[in-house]
Structures are given as structure tokens and as C-alpha cells.
Amino acid sequence: MPSYITRYFIPTLRNDPVEAEVISHRLMLRAGMIRKVAAGIYNYLPLGLKVIRKIENIVREEMNRAGSLELLMPAVLPSELWKETKRWDYYGKELLRFKDRHDREFCFGPTHEEVITDLVRNEVRSYRALPLIFYQIQTKFRDEIRPRFGLMRGREFIMKDAYSFDQTVEGARKTYDIMYETYTRIFTRCGLNFRAVEADTGAIGGSSSHEFSVLADSGEDGLVICRKCQYAANIEQAEKREIKKGFEGKTSEKPIEKISTPGKKTVSEVAAFLNIPPQKIIKTLIYLADQKPVTVLLRGDFELNEVKFKKVLNANELLLASAKIVEEVTRAPGGFAGPIGLSFLKIYADEEVRGMDDGVVGGNEKDIHFLHVTPDRDFKVDQYLPLRKVVEGDSCPRCEEGTLGLTRGIEVGHVFMLGTKYSEAMSAKFLNPEGKEENMVMGCFGIGIGRTAAASIEQNHDEKGMIWPVQIAPFHVLILPLNSKSAQIVQMADQIGAELEKSGFEVLIDDRNDRPGVKFNDADLIGIPYQVILGEKNLAEGLVEVKIRKTGENQKVPLGEVPAFLKEHTSHPA
């Protein structure tokens, strides 16, 4: 049977909510799909929950097809398991910790590597039981310092997390590839334009990973994509082809010169004051690596890739030093730090700094810079490394001819090759065919269900509202009887709705006694893929009007041909 708006719960809003920062947040609130309970925590209203369930069903079908086994683990986890892997402290303040009435420590699970590893180590003994892939769809909690963007970065969220156990690295890579293909099918079925990109493993750990990112201008993540080949990576993980520029060993003949730069702290301010390009400035940054100060140098027009730098330092925590610490280290206020005289600190530099000639650096003194500076002549660099972020036009690291372009994306899924990180820490072993103990080789694979819904909106909308892909739309068809006081129109709406339901379409009928303009506005806001509009004039001619939300195309269709018309214009949803 069709659903009716008067018997449903769709509290739409006419105006944009003040707190909404991105399109998906604004439209989900306006369309009555979600309502805020606390910062980063939301109620899923009936219309929003239908979309969530559609995505979950696609995920479940594809995970089952890949041979995964669904289970459900607790959301509240004992600290002992997390302490085995040392993540109790390493995970940081995003881990919501609390104690029960017996003063025992627990956390609300943000991810479940420890729990699943504990389960498998207690139940699996023989190689004959492997490989195994388990998954669950469950509520998680991460205490984000600044939750924002609605379901895009909430604290409480619905996630599909899966975990694999194999005998060998080769077996784990095969499982990884299976999950990679599974994710490709999932996001294709969800009707999304996405790209799988190489990514950092972050707090999860492991040897390699890929993010599945929905391409959208509003995306939080910077993506790097080769214009010639299939190379793609998150901006934090992206590499470039290192090209020798032929300037190494070149030294300025000009002696170093001290110059007053009153109040000029930023690269742009110094460049404008000295009438030089930013490329001539050597930027000095002071970081705290596990609370110890360290210096890194970059060309003035580049940004540091903090993820790469953190890996180079093998640090658990890397933070840009505060102004107070910078002044303590360099004896100058922020903006005037420079490498000359900082020999007591280890100095790292990006490869592009090597051989720079006639550069400008801070003077470690208020309102002072040095001109005509050359690295390795005027100061010592302990190590040169590729540390800057990739920029538009850099050479592709995978192919000879390609150049790199920058775009933006929204991470909706992540696959990790964990290796033995957790199995070794928690002694999850099996007996191989020779009867010897070996660590299981693991992978983990996550999908943000709510983020997938929000990302779809970011990618599919216009100035009027959402445009749902038919695969995950809350309903496939919205019937709009323009005069709900007309018995003939009401009867015909019910009849067409019943016929469409029999044909496999999910139907919502707007049976409200409202003006046509109100119904049209709400219909476009909610974004149901097809609208069937019933007006007295068209009905007198045996016709209805069908509007395709995505294109805005309107077409008059004979009454008895509506199901056939919609089947012809879409892949049948049933």
C-alpha cells in the first residue's frame, strides 16, 4: 500500500536552520529527516531512517555476497582490551571513557578491532577455520572536538565495520582486494560518483589503506588525481615524482644581510614588503613531536604534509608549537623564526629547499629577516625529505606523462591492510599445517552509513532541494493530487499509487489539503526521484504529468501507462 503524508511524519522547514553549515545538513533538517539532540548527536526521523535502511540493505547484500558473516558486538567496551594494544592512551580524547558503579573503566566503541580480535583468539585454533570475515552495522561514538556538518562529522554515527583474518599476507591481500571490489559495487549501487584513493592508516594502523571518496566541491578531504592514469590519493598520502632541477650545489655569492621587516610576519607580508616572490622565502616551522621541539623548513609557497612528517619522526603526536613555545625556542615572536642559530634543534627540510639560492629567512629576532641565505652554507640541515603537500601540476609518481590535479571529496568508506598489528599485540594465533603457532593476518573495512547519505546529498542537489538517486531514495514516486477535495482526483491518486506499488515502486501520496505551490516546494525539497502530478484539466483528457526530479523534465503520460513509463525511465527498483 502507498504511504500518505498526513499519516507520515515529515516536519519540513521553510527557512534554512541557523546552525546548518553545509548543504546536506541544511537540507536534511529542512526536509524533516533529522533533528539535533546534542552536539553531533541526532534523531533519525522516519524519512531519514528510510534512506539509512536503504544504504544498510545494499551494504548487507554486498557484504554477504562477498562471504562475510554478520554479527553484532557490544557498543560499551572494557578498557582491558584497549590497553592490550596500547590504544587506550594513544587514541586520545576522541575515545569516550567512563566508569561503571564498580569503578571499572569502559569506553563507548569508536571501532572494534580489539573486541573482534579477542573473540577470534578465543574461538579459532586451526588454519582450517581461516579465512574469516565478520561485519556488523552498529552505532559508534567518537568525541569529536568540534562536531559539525550534521551527519558528515557527528559524534554518534552508524557504521558498517568489518574485520578479516587470514593465514598469510598473500591471503590477506586477496581478502583486501575482495573488499575493495565489494566497496566499489556498494557505492556504485548507491548511485554515487566516487573514487578510491590511497590514504593514511591513521589511528587504525596497518601497512596500507584506501579511502572511498564521493567527489563533491564541498568535501572536507583534498584529493589528488592523475590526469593520465588511475593514480589517486588523499592529499595527506599523495606523492609526486621527484625531478632533479639541476640547481644542487649552487651557492649565492652575496653575503648574508640583516634587514628590518617591522611587523611583517607572514610569507605574503614579507614577500610584498621585500618585493620578492614567496618562492624565495624559506619558511621555518616549529613543531612538538611527542612534546619535543623540532624544526622543519619549506619553500614559502608550500604547505607541510604533517602526516608524512609525523611518520618520518615516528611520533605518536605532532602539534604545531604555540606562539609561547616558538618564542622560548627561537627567542623571537612568531613570524620571525629562522634556521640560523637553531643548531641545538634537529632541522628537517623539504627537498625543494635543497640548493635554494639567495633565500630569505626569519632572523630569530623581532622585526628582523636575513637576505641572500643559502642552505648548507649559512645553516645546517640534518635531513632533506619530500615533506610538502602535492600541488596542482606536480608530476605523477606512477606514470611518466601524467600531471596531478586537485579536487575535493567526502570519505564514505575505508579499507585497511592491518597485517599483524592487533593479532601480535593480543596474541591471536593459529596452528599452521605443521602444527606451529602463527599470528593471524588481519584487515578491517569501514563504511559510514550516515555519511554516505549526506555525501549523496552534497553530490545530488539543486537550489530547490535534494535529488535522491533512485537506489537510496526514501520513496521512488511522490504522487501530487493538486486538489485533495476532489473525490475523482483522490481516487485516481490511490489507484495509480496501488498500481505502482504492485510494480515494485515505493509510493508516497501528498494527500494534504494545501495549495499546489506548497506541495511542489516540498516535493522538490524532499527530492523523491519521480513526481506524478494529478490536475483536473489533465485528468479530463485521461493524462497525468510526470516530472523527473533530476532533470526537471515534465511529460504528459496516459493514466494507464504510468508504471510502464517509469520502468522505462529508470532501472527498476524492485
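Rings of Phe, Tyr and Trp count as an aromatic pair if their centres lie within 6.5 Å. All views below come from a predicted model.

View 1. A search of the whole structure finds 11 aromatic pairs. One of them is formed by Phe 108 and Phe 141. Their ring centres lie 5.9 Å apart. The planes stand at 55 degrees, and the pair is tilted.

View 2. Most peptide bonds are trans. Pro 131 sits in the loop between helix H5 (113-123) and strand E8.

**View 3. His 372 has a positive phi.** Most residues other than glycine have a negative phi. For His 372, phi is near 60 degrees. This residue lies in strand E20 (residues 368-373).

**View 4. Helix H1 crosses helix H11.** Two packed helices are described by the angle between their axes and the distance between the axes. Here the axes of H1 (residues 23-30) and H11 (residues 449-459) come within 8 Å. They cross at roughly 105 degrees. Angles of 65 to 115 degrees count as roughly perpendicular, so H1 is roughly perpendicular to H11. From H1, the contact uses Ile 23, Ser 24, Leu 27 and Met 28. From H11 come Ala 454, Ile 457 and Glu 458. The contact residues divide into five nonpolar, one polar and one charged.

**View 5. The second largest pocket is lined by 22 residues.** Its volume is about 420 Å³. Lys 265, Lys 283, Thr 284, Leu 285 and Gly 335 lie nearest the centre of the pocket. Helix H7 (267-274), strand E15 (282-289), helix H9 (323-330) and strand E19 (359-362) each supply at least two lining residues. Strand E15 gives the most, with five residues. By type, the lining of this pocket divides into 13 nonpolar, seven polar and two charged residues.

Terms used
Residues numbered from 1 in each chain as written. Predicted model: local features only at pLDDT ≥ 70, side-chain atom pairs only at ≥ 80, totals over all residues. Heavy atoms only, no water. Axes fitted to C-alpha atoms, helices over the stretch in contact; angles between N-to-C directions. Helix = DSSP H or I, 4+ residues; strand = E, 2+ residues; numbered from the N terminus. Parallel < 35°, antiparallel > 145°, perpendicular 65-115°, else oblique. Contact = heavy atoms within 4.5 Å. Nonpolar A, V, L, I, M, F, W, Y, C, P; charged D, E, K, R; others polar. 1 Å grid on protein atoms, 1.4 Å probe; cavity = no way out; pocket = protein on both sides within 12 Å on 5 of 7 lines; lining within 4 Å. Points joined across faces, edges and corners; volume = space filled by probe spheres on them. Phe/Tyr/Trp six-rings, centres within 6.5 Å; stacked < 30°, edge-to-face > 60°.
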